[in-house]
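Reader: Could you walk me through this model, one question at a time?

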Amino acid sequence: MIALRGQLTRLPRHRRQQLRRIRRRPRWGNLRRRTPLSATFGFDRGKPIDRFYLERFLAEEASAIRGVVGEVAGSLYATSFGGDRVVRVEVIDIDPHNPHATIVADLSDADEVPAGAFDCLLVVQTLQYTPSPEVALANCLRSLRPGGTLLLAVPALAAHDDKERPEDDHWRFWPGGVVSLVSQVAPQADSRVVAYGNLTTAIAFLHGLAAEELRDDELARQDQRFPVVVCVRITLPGGASGG
Ligand SMILES: C[S@@+](CC[C@H](N)C(=O)[O-])C[C@H]1O[C@@H](n2cnc3c(N)ncnc32)[C@H](O)[C@@H]1O
């Protein structure tokens, strides 16, 4: 051992550092596997980590969820976060078989998305399914009334959802790209872009662990190198709340 230590000290500094790093072996435990611990993003274990983050964002922006609200696929977030402020919810989906859909529309098609219809539009984890996010984003903004708000959540990191066709799953979004997208499509609008996630939550989310399985401090830390989800608020000028 002493002889080995002597040999190590004779090595160049960078090589010694490299060897020390290699000796810090990971303890994989049951994470050394080919399939995630949950096949449903963690819904079967608790609250999926991306949902924990995007719901935090929706809670912060809840005052914008009011009046006539559009939401893609269902009405969960409009009713949970809008409460009494919501007059009516329209459920938008490209899927004509969605029994909750009141508007069957492709967000990519300007002729299908109603113009000037909503005080608030919630588009959660959907933009990745549009071939040209800038086109879909422009159509979403067109669907707002003056002073209306678009609340958007897009995945930075996520497995493909088996409920959707792989060929429809086009994008993952990075915070800098989202900022560029927003300034390209809505240069005049008031906007806020927030990225959530860190190395621990990114790994946990890929394995489908639920937020309840992590500590509060692990969820709270935000590290821009490892975003899990990017959330966006875009508010149009004008209207009663617009200014
Ligand atoms: C993964 S779900 C996410 C939406 C849901 N709000 C949620 O939070 O889980 C995706 C939904 O978007 C719909 N969708 C996919 N592409 C779409 C498009 N281009 N226009 C409108 N809806 C679309 C799908 O049919 C599906 O109901």
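Here are some questions and answers about the fold, its helices and the ligand.

Author: Happy to. This is a predicted model, in which local features need pLDDT of at least 70, side-chain atom pairs count only at pLDDT 80 or more, and totals for chains, interfaces and linings use all residues. Residues are numbered from 1 along each chain as its sequence is written.

Reader: What share of the protein chain counts as buried?

Author: A residue is buried if 20 or more other C-beta atoms, placed from the backbone, lie within 10 Å of its own, exposed if 12 or fewer, and partly exposed in between. The protein chain has 243 residues, and the share of them that counts as buried is 35%.

Reader: Which residues have the most contacts inside the largest nonpolar core?

Author: A nonpolar core is a set of buried Ala, Val, Leu, Ile, Met, Phe, Trp, Tyr and Cys residues joined through C-beta atoms within 7 Å. The largest one has 55 residues. Those with the most contacts inside it are Leu-122, Val-123, Leu-152, Val-229, Val-230 and Cys-231.

Reader: Is Asp-161 buried or partly exposed, and why?

Author: Asp-161 sits in the loop between β5 (144–155) and α6 (175–185); helices (H or I, at least four residues) and strands (E, at least two) are DSSP runs, numbered from the N terminus. Because Asp-161 has 16 C-beta neighbours inside 10 Å, this residue counts as partly exposed.

Reader: Why do the buried residues of α7 line one face of the helix?

Author: In helix α7 (residues 199–206), the buried residues are Thr-201, Ala-204 and Phe-205. Seen down the axis, the directions from the helix axis to the C-beta atoms define the arc. For the buried residues of α7 they fall within an arc of 100 degrees, so these residues line one face.

Reader: Nice! What do those buried residues pack against?

Author: Contact here means that the C-beta atoms of two residues, placed from the backbone, lie within 7 Å. One partner is α3, which covers residues 49–60 and has buried residues including Phe-52 and Leu-58. Taken together, the buried residues of α7 pack against α3 and α8 (216–220).

Reader: Which residues are closest to the ligand?

Author: A residue is near a molecule if its C-beta atom, placed from the backbone, lies within 6 Å of it. The ligand is surrounded by 17 residues. Among these, the closest are Ala-73, Ile-94, Leu-107, Val-124 and Tyr-129.

Notes. The expected span of a helix is 1.5 Å times one less than its number of residues.
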